[in-house]
Amino acid sequence: MLSNFPLWPEQASTTAGHVDALYVFLLIVTGMMTLLIFICLVYFAARFRSRPGVRAEQIEGSTPLEITWSLIPFLIFMVIFAWGAVVYFKERTPPADATEVYVVAKQWMWKLEHAEGQREINELHVPVGRDVKLIMTSQDVIHSFYIPAFRIKQDVLPGRYTVEWFRATKPGTYHLFCAEYCGTQHSGMVGDIVVMAPAQYEAWMNGGSTGPLSATGEKIFAELGCSTCHRGDTQGRGPNLQGVFGKPVQLEDGRTVTADENYVRECILDPGAKRVKGFQPIMPTFQGLVSEEQVNALVAYIKSISADKGEAKTSASTAAPGVQKSAEPNGSQVQ
Amino acid sequence: MPTPTPQPERENYLNKHYGVWSWLLTTDHKRIALLYLVSITFFFFIGGFFALLIRLELLTPAGDLVQADTYNKLFTMHGMVMVFFFLIPSIPAVLGNFLVPLMIGAKDLAFPRINLLSWYLYIIGGAMMLHCMLTGGVDTGWTFYAPFATNFTNTKIVEAALAIFVAGFSSILTGLNFVVTIHRMRAPGMTWSRLPLFIWAHYATSIIQLLGTPVIAVTIVLVAAERALHLGIFDPKLGGDPLLFQHLFWFYSHPAVYIMILPAMGVVTEIIACFSRKRIFGYSFVAFSSIAIAVFGFLVWAHHMFVAGMSVYAALVFSLLSYAVAIPSAIKVFNWTATLYKGSIHYDAPMLYAFGFLGLFTIGGLTGLFLAALGIDVHVTDTYFVVAHFHYIMVGGAVMGYLGGMHFWWPKISGKLYPEGWARLAALIVFIGFNLTFFPQFLLGYMGMPRRYYDYSHMPEFQVLNVLSTAGATVLGVGYLLPMLYFLWSMRYGKPAPDNPWNAAGLEWKTSSPPTTFNFEVEPLVTWEAYNYEDLDASH
């Protein structure tokens, strides 16, 4: 039994080491505080137990002491705060050149699609030593994408993208949990993260791909007629989308936003909300007409036509022939 | 402790009137306290029963005892019953109701009929909650997260929400009554600096009840409106924002934790002073730390949302403020510890509970530092680490304080002495059972076991710790049953209690046990400072 009785989770990402280091530091600091208090309690309780003829000695208090035991913990707390904040900042800032995987959560499964086109359910294959960025949304309620061995977790919300990233450090199979309660089969919304050596990963990637996600997106872009207005020149009735992604966009109402995944998504589903300066509100909403997977593909496509040359390999020019646009069987009805 | 000879049966609040109506229509704060005592004990054992079923289900990795939906309802109803129908009313509505007027030398609370109304609102809310549970229950978790609660579950959300809405008004009215009473009804000479720290704690608690509870009421109405009328508030499908729900919910529900723990801190302060025979160390720091907790407690709600999709910068601010709220709690622990120094310490049952409180609250508080650290919270939030942490505060802290207070004031409340040996044994069993139940959950949480999992057959490596936890829960259950049994026993067979069995300071001990209906024969005139144990012990 004891052989199967681990007390420490596996460390399998770059983040895990950072989190564990802080955790150990906290264990030591709070352990010492606990010990200090418990020793005082036990010592006082024993030393000053009531004895006949011995009265308690009244002590009013001591402002210097109060200040000491407020300030010292405060300073310690500030160290913990700052350390925690640094770790968090790293956790929440995906590296720019990370491999992208789109995640769609639904009651009660995880649907994952690699930018290169592989689709998976409740399983994610990733290479060791490469940054992977998950761009996640939910079809229904709030879920949470949690990989204990990587020490990362991020809620997955309906109606927007949230992002998390990791770099796996050790080949193996690790738990994937849904950590935000989501209904009947919440505890069944689990899966595996399979971390593979680069060579094995390449082999895995070469099997069963349907072509890059951006190519699927380009096809949808054409089918939905997006290209009629969003032309590759300045003559279109909608903005030219080449080179837009990741850049600031001037809005009609005077604000400026960055064209990130959430902005592109919002423009597809609620075009009137943040209209680009100089364009008429003529675009219809695609809410209800495209599935979460199709939105993901469109976002991937719009990204690909903004990418610089180095990354352009995922763009349409390399699209495999015979791209299928259909989603998997039970996935695509939109909210 | 010296025990003066008990007096023969005198007229008191218990024997002045008889009959059901003399209880149901009473405006005596002491009788209303007993009405609350019976009602919250009822809900405590219902909530405890749910907890026991949860622990039994988790004994094995597979989901084999109940259905998944049943399990989800069990933890939901466990949370709702324990939070809204036990913990929030526990100390304020029972011990606070009984003691606030006695401690400040008043005849009753400022609004005796509103006090009775608050109990009826609690009972109406409780009856609605019972009806809801008996006719299907709710499966959202006590947190009601949208859009699951508003548009996905098909359980009885609106009814449960209304039950909590009604019970919330009971809490508001109690808070209102305390604030007015403490301001307006203090006996001559009972200045703010002479108030027992129990009163300061309840004053701080009442401020939170008054300012916080309306927010959960509004939130609940919005949930019901979205669910029943499909107004788009929280569900993005309807144009709403699910994070708005979480902000509103935690704006009340985080301060609500302080509604539970502050009164327990007040109780423990009284017990430690009495059983070390000392004025509390740093009186004004302990008093103002209660107010500081109430104020800062309103500024940390979003630390429940570090992975919810909130801005990184907002997370930084809320993490920082969470450390700020930890300081006044630390100040309290240090002052309690310092009070023991050079005391004359007695180990009666209330003091054992107070020691238990100190140990468990310290662990609960310090593990809060882990959760406030952003980088660690990402890993452990929504796991058993959080479950363990808040049980250390809400059960290890609040319930230990409640039980300690019940033992300390039982002679005053009932006029009878409880059996000391049994009480010490129960304190020990509760302490051991509690740690055995919840300490393994810290380990489970850091290993990554998510909370609210009905079935963990995907990760059978978690079983050993779960078995330990379930074993502990059984021990804890015994520990909780014991006091109920011997308190009931003592009402009939217990020795009559003298007016001041502990030779304790405080006006409540200067009147008879049990007190008369209007508490004091003559309005007291206070000429001494709080915790004048030196004078009390000198006269013996």
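## Basis of the model

The model is predicted, and local features need pLDDT of at least 70, side-chain atom pairs count only at pLDDT 80 or more, and totals for chains, interfaces and linings use all residues. Residues are numbered from 1 along each chain as its sequence is written, while chains are lettered from A and ligands numbered from 1 in the order in which they are written.

## Chain B

Chain B has 16 helices and 0 strands, where helices (H or I, at least four residues) and strands (E, at least two) are DSSP runs numbered from the N terminus. Its C-alpha trace spans about 70 × 45 × 45 Å along the principal axes.

Among contacts in chain B between residues at least 6 apart in sequence, 85% join residues at least 24 apart, a contact being two residues whose C-beta atoms, placed from the backbone, lie within 7 Å.

## Two helices of chain B

The axes of helix α8 (residues 242–275) and helix α11 (residues 349–372) of chain B come within 9 Å and cross at roughly 125°, the axes being lines fitted to C-alpha atoms over the stretch in contact, with angles from 0 to 180 degrees between N-to-C directions. α8(B) and α11(B) are therefore oblique to each other, since angles under 35 degrees count as roughly parallel, over 145 as roughly antiparallel, 65 to 115 as roughly perpendicular and the rest as oblique.

In this pair, Ala264(B), Val268(B), Ile271(B), Ile272(B) and Phe275(B) of α8(B) meet Pro350(B), Met351(B), Ala354(B) and Phe357(B) of α11(B). The residues of this contact comprise 9 nonpolar, no polar and no charged, with Ala, Val, Leu, Ile, Met, Phe, Trp, Tyr, Cys and Pro counted as nonpolar, Asp, Glu, Lys and Arg as charged, and the others, Gly among them, as polar.

Chain A has 7 helices and 12 strands, and 38% of its 335 residues count as buried.

The contact between the chains takes 74 residues from chain A and 75 residues from chain B. On the side of chain A that touches chain B, α2(A) gives the most, with 15 residues, and the residues of that side divide into 41 nonpolar, 21 polar and 12 charged.

Key:
Buried ≥ 20, exposed ≤ 12 C-beta atoms within 10 Å, placed from the backbone.
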